[in-house]
Amino acid sequence: PKLTVDGAFEEKDHMGTAVQEELSRNMADFGFQVHKALIIEIAVNPDVMRSMNEINKQKRLRDAAIMEAEAQKIRTVKAAEAESDAACLAGEGI
């Protein structure tokens, strides 16, 4: 294959243009004029589609875990800062 599945979805417009140009050349001899060739659907093997969906799902889960870890880090730092401020104020007698 010349393209990956993701690449094929990204290149649909370019493929449509290439198909339109080729059809125009071949059909001109018969008096036909092709104005536009649309690629509306790319049929992918269901196993490949499930694999792609699983990959995307895992990427989203990884991103969510990273964001949750960053949020927990911020909560921990803020709690430590608040504890430090409280200890400082307690030391000053406030």
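**Figure 1. Confidence along the predicted model, helix by helix.** In this predicted model, helix H3 (residues 46-91) comes out with the highest confidence, at a mean pLDDT of 94. Confidence is lowest in helix H1 (residues 5-10), where the mean is 85. Taken over the protein, the mean pLDDT is 91, and 98% of the residues reach 70 or more.

Figure 2. The protein has 3 helices and 0 strands, so from the N terminus on the elements simply read α-α-α. With a radius of gyration of 29 Å, well over the 12 Å that the globule rule gives for 94 residues, the protein is more spread out than a compact globule. Along its principal axes, the C-alpha trace spans about 95 × 30 × 20 Å.

**Figure 3. Ile42 in its loop.** Look for Ile42 in the loop between helix H2 (12-28) and H3. Its relative accessible area is 22%, so Ile42 counts as partly exposed, given that buried means under 20%. Setting aside neighbours within four places in sequence, Ile42 is in contact with Ala8, Phe9, Lys12 and Met15. Take Phe9: Ile42 and Phe9 are 33 residues apart in sequence, yet 7.3 Å apart in space, C-alpha to C-alpha.

Figure 4. Buried residues make up 9% of the 94 in the protein. The accessible surface comes to about 8,200 Å², and carbon and sulfur atoms account for 58% of that surface. As for charge, the protein carries 12 positive and 17 negative charges, and the mean positions of the two sets sit 4 Å apart.

How values were computed: Residues are numbered from 1 along each chain as its sequence is written. This is a predicted model: local features need pLDDT of at least 70, side-chain atom pairs count only at pLDDT 80 or more; totals for chains, interfaces and linings use all residues. Side-chain values use heavy atoms; hydrogens and water are left out. pLDDT is the predictor's confidence in each residue, from 0 to 100. Helices (H or I, at least four residues) and strands (E, at least two) are DSSP runs, numbered from the N terminus. Buried means under 20% relative accessible area, exposed over 50%, partly exposed in between (1.4 Å probe, protein chains only). Contact means heavy atoms within 4.5 Å. The radius of gyration is taken over C-alpha atoms; the globule rule is 2.2 Å times the number of residues to the power 0.38. Accessible areas come from the Shrake-Rupley method with a 1.4 Å probe; for residues, only the protein chains shown count as cover. Lys and Arg count as positive and Asp and Glu as negative; His and the chain ends are not counted. The place of a charge is taken as NZ of Lys, CZ of Arg, CG of Asp or CD of Glu.
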